[in-house]
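Student: I'd like to learn how to read a structure feature by feature. Could we work through one together?

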Amino acid sequence: MTKARKAGVLALSFVFLAVVIWVVSYQEMNSDRPVDSYKLTSELKQLTPEEVDRVLAPYLGNSFWGVELNKIQSDLVRLDWVSQAVVRRSWPDQLTVHIEEQVPVARWGENGLVNHKGEVFFPRTLDGFEKFVKLDGRIENVRELLLKLASFQEHLNKLEWKISMLKERASGVWELKLLNGAIMILDRGDEAHKLERFVTAYPLLQKRYRKSARVYDLRYSNGFAIKLNQTDKSDDTNQS
């Protein structure tokens with residue numbers, strides 16, 4: 001057999017194989033093979049398997065090739081703790097489901113949580129997250145609040161103070177509530193410099209000011225003011 005004939009036979013074989021594969025694939029894709037089950041490929045921490053079952057159950061028994069994966073994914077994302085869901089077909093009759101759960105890093109207002117991407121979501125309950133730092137302000141500014149929280153906390157770590165709440169007032173002023181109950185007020189602009197100045201000066205304050213301070217107002221260009229507790233009305237303010 002000549003080389004040309006061998007090449008022709010080989011080419012015909014490839015064509016025949018391709019036709020067979022196409023026919024089998026076409027028949028398979030147009031069959032009524034049903035979805036028999038699904039496999040969850042991610043570990044759940046907040047969601048329960050029962051919640052996922054309720055979403056997937058209506059799709060079991062549907063056509064394997066005709067089932068709408070995008071719709072299943074949309075239904076899953078509507079669950080409280082789902083950040084993202086990916087559903088794929090696994091031949092011959094199974095779906096694989098991968099779920100990325102929300103990872104909360106802070107509270108939002110009274111009813112929400114903020115995830116690690118700077119997105120706000122509203123679960124049915126905040127049980128277990130009551131001690132998270134609370135953010136409050138315009139929801140479109142949530143990512144800025146997260147960045148400011150990290151920056152402010154970095155400065156206050158030098159005093160071993162912890163922020164329990166960061167609020168953006170309507171006027172644009174930052175209000176920080178500390179775990180010790182004191183309030184700190186900052187205006188926009190040069191916040192890092194004013195905080196660093198306060199952190200440096202605080203150990204030099206008289207003990208009674210450090211002990212009785214209720215509000216630290218850092219909105220001054222040349223220092224800060226301290227408002228004392230009601231029991232110390234005689235020395236209600238002090239500018240350093």
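Student: Does Lys 194 count as buried or exposed?

Tutor: Before that, a word on the source: this is a predicted model, in which local features need pLDDT of at least 70 and side-chain atom pairs count only at pLDDT 80 or more, while totals for chains, interfaces and linings use all residues. Residues are numbered from 1 along each chain as its sequence is written, and side-chain values use heavy atoms, leaving out hydrogens and water. Now the general idea: buried means under 20% relative accessible area, exposed over 50%, and partly exposed in between, with a 1.4 Å probe and protein chains only. Lys 194 counts as buried because its relative accessibility is 10%.

Student: Where is Lys 194 found, and what is it in contact with?

Tutor: Helices are DSSP runs of H or I with at least four residues, strands are runs of E with at least two, and both are numbered from the N terminus. Lys 194 is found in helix α5, residues 191–201. Contact means heavy atoms within 4.5 Å. Leaving aside neighbours within four places in sequence, Lys 194 is in contact with Leu 186, Asp 187, Gly 189, Leu 218, Arg 219 and Tyr 220.

Student: What does the secondary structure of the protein chain come to?

Tutor: The protein chain has six helices and 13 strands. Of its 240 residues, 38% are buried.

Student: How do I check the length of a helix, say α4?

Tutor: The expected span is 1.5 Å times one less than the number of residues. Helix α4 (residues 142–156) has 15 residues, so it should span 21 Å, and its end C-alpha atoms are 21 Å apart, which agrees.

Student: Which residues of α4 are buried?

Tutor: An α-helix has 3.6 residues a turn, so residues three or four places apart point the same way. In α4 the buried ones are Val 142, Leu 145, Leu 146, Leu 149, Phe 152, Gln 153, His 155 and Leu 156.

Student: At what angle do α2 and α3 pack?

Tutor: Axes are lines fitted to C-alpha atoms, for helices over the stretch in contact, and angles run from 0 to 180 degrees between N-to-C directions. Helices α2 and α3 (residues 69–77) pack at about 145°, with axes 10 Å apart. Val 52, Val 55 and Leu 56 of α2 make the contact with Ile 72, Asp 75 and Leu 76 of α3.

Student: What else does Val 55 touch?

Tutor: Not counting residues up to four places away in sequence, Val 55 touches Ile 72, Asp 75, Leu 76 and Leu 79. The C-alpha atoms of Val 55 and Asp 75 are separated by 6.6 Å, although the two are 20 residues apart along the chain. Val 55 counts as buried, at 11% relative accessibility.
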